[in-house]
Amino acid sequence: MSGKRILTVAQKAVSHIKKGDPLLAPLSFDEEVTFSEGELVQVVTPVGQFLGEAYLAKQNKGIGWIYSWEQGESFDYAFFLEQFKRAKSVRKSLLHSKSTDTFRLFNAEGDGIPGLTIDYYAGYAVFSWYSEGIYLYKEDIVSAFREVFPAVKGVYEKRRYHQDDEDASGFIYGEKAPSPHYVKENNVLFATYLDEGWMTGIFLDQRHVRLDLMSTYAPGKTVLNTFSYTGAFSVAAAMGGAAHTTSVDVANRSLEKTREQFEINGLSPEDHRIHVMDVFDYIQYAKRKDMKFDVIVVDPPSFARTKKRTFSVLKDYSAMVEDLIDISSDKGMFILSSNAATYKRKKFRSDLEKAFRNKGIDYSIVKEYGLPEDFTTVKANAASNYLKVFVVQKH
Ligand code: SAH
């Protein structure tokens, strides 16, 4: 047998782990656990019953992950190979899609290797490593990946456990992708930059929301896209035949990047508005001008600090929706999103309901979204199912 350390979890953590939550947190143990990054251990109950095979690593979610519920399972090339094969087989339809060539190829614990996600961008892949511990297994992981996905032309990586994103992005093997590299989602093109910091230009978890915006919510409507980043929602809306779109983001880069997304889809950016501006200032400006929008998209970061103010979804989402109600048309629609794992669906729903109630507006929630199917999650680990989107219609 291996010389693995055996770690005893606290009694209070046992039932949760048995339900299938693979995350090990400092509170999962009665005593402080010291370890070296990537150390493999066996986790047992206080009476010595086997729970799982785990690796230890410091990352924002905890101090380690159970990677297998089978005693004796190794964390090596053969194991990684199996996980990649399974991930590939459950994504058959996306891998063969004619209209979409960008999606999540591998989603960490949801696909069997906690701490690693892999996104697919039309022939290229981007690995994101979430701890130094998992990074130590890079060589075996990358060779197993190459074996299962020989058609992938080139691979990049983001080391997301690094504090600054200076040297957090790198190239691993194969051919380099063009920059920009065009990818396609439901036949809408997006310009991505696979080697520029942590963000590539598109958030792949909003695929279903963008599709519904394009096909159902936006046609013929005026659309305001707040926190618009590269304008992905605006472009989807415009491709679906929105009457007009307005994008608002405080980052300077958003102007040029949003123009680019319109242009590559054969749309003229001149037909749309793109404001480099604080969303909160824009709302006041739109109120003064008595502007009204039929569809308002809100997909903010969990937390943001600008020169003038800080915004946190937990504290400020509700008041922001109240403000936005003032610039929405009769029967206006809202697409309200949050990717903050700490902002629970129930609280988000009650915050937005409060906003409509405070304004005395009748409304209904017409649709809710979570993560798309390629962002596989583990049911027992609620935090990994971080995306919440509500579509709200004013009556
Ligand atoms: N909704 C986008 C992703 C948003 S990322 C999409 O679908 O692609 C968050 C964005 O919010 C960043 O581009 C950041 O520049 C912007 N941002 C943060 N605080 C802001 C503020 N106060 N006003 C406007 N934009 C802000």
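Here are some questions and answers about this structure, which is a predicted model.

Q: Which residues come nearest to the ligand?
A: Start with the ligand and look at what surrounds it. There are 16 residues around the ligand. Among those 16, the ones that come nearest are Phe227, Asp249, Val250, Val279 and Asp299.

Q: How do the residues of the shell around the ligand divide into nonpolar, polar and charged?
A: Sort the shell by residue type, and one polar residue turns up. Four others are charged. The nonpolar ones number eleven.

Q: How far is an oxygen atom of the ligand from an N or O atom in the side chain of Asp249?
A: Let's go through some polar atoms around the ligand. For Arg253, a side-chain N or O atom is 3.3 Å from a ligand oxygen, and for Asp278 a polar side-chain atom lies 3.4 Å from a ligand nitrogen. For Asp249, the distance from a side-chain N or O atom to a ligand oxygen is 2.7 Å.

Q: How much of the ligand's accessible area does the protein cover?
A: Take the ligand on its own to begin with: it has 580 Å² of accessible area. Now put the protein back around the ligand. The share that the protein covers is 91%.

Q: How many salt bridges does a search of the whole structure find?
A: Some of the salt bridges share partners, and one network formed that way joins Asp278, Asp281, Lys308 and Arg309. For the total, the search has to take in the whole structure. That search finds 22.

Q: How many residues apart in sequence are the parts that Glu39 and Arg5 tie together?
A: The side chains of these two residues meet in a salt bridge, with N to O at 2.8 Å. Arg5 is in strand E1, while Glu39 is in the loop between strands E2 and E3, so the pair links parts of the chain whose separation in sequence is 34 residues.

Q: Which strand holds Glu368, the partner of Arg345?
A: Arg345 and Glu368 form a salt bridge whose closest N and O atoms are 2.7 Å apart. Arg345 is partly exposed at 30%, and Glu368 is partly exposed at 33%. Arg345 sits in helix H12, and the pair ties together parts 23 residues apart in sequence, since Glu368 lies in strand E20.

Q: Is Asp351 buried or exposed?
A: Asp351 forms a salt bridge with Lys347, with the closest N and O atoms 3.0 Å apart. The two are four residues apart in helix H12, which puts about one helical turn between them. Lys347 is partly exposed at 33%. Asp351 has a relative accessibility of 7%, so it counts as buried.

Q: How many of the residues in strand E7 are buried?
A: Look at both faces of the strand. Leu116, Ile118 and Tyr120 point one way, Thr117, Asp119 and Tyr121 point the other way, and all are buried. Out of the six residues in E7, the buried count is six.

Q: Which residue in the hairpin of E7 and E8 takes a positive phi near 35 degrees?
A: E7 pairs with E6 in the antiparallel sense over five bridges. E7 also pairs with E8, antiparallel over six bridges, with Leu116 standing opposite Trp129. The hairpin of E7 and E8 has two residues between the strands, and the residue with that phi is Ala122.

Q: Which side chain makes a polar contact of 2.6 Å with Ser328?
A: Ser328 is found in strand E19. With a relative accessible area of 4%, Ser328 is buried. Its side chain is joined by that contact to the side chain of Lys394.

Terms used. Residues are numbered from 1 along each chain as its sequence is written. This is a predicted model: local features need pLDDT of at least 70, side-chain atom pairs count only at pLDDT 80 or more; totals for chains, interfaces and linings use all residues. Side-chain values use heavy atoms; hydrogens and water are left out. A residue is near a molecule or strand if one of its heavy atoms lies within 4 Å of it. A polar contact is a pair of N or O atoms within 3.5 Å; within protein, one must be able to donate a hydrogen and the other to accept it, and residues adjacent in sequence count only if both atoms are side-chain atoms. Accessible areas come from the Shrake-Rupley method with a 1.4 Å probe; for residues, only the protein chains shown count as cover. Ala, Val, Leu, Ile, Met, Phe, Trp, Tyr, Cys and Pro count as nonpolar, Asp, Glu, Lys and Arg as charged, and the others, Gly among them, as polar. A salt bridge is a side-chain nitrogen of Lys or Arg within 4 Å of a carboxyl oxygen of Asp or Glu. Buried means under 20% relative accessible area, exposed over 50%, partly exposed in between (1.4 Å probe, protein chains only). Two strands pair if DSSP finds at least two bridges between them.
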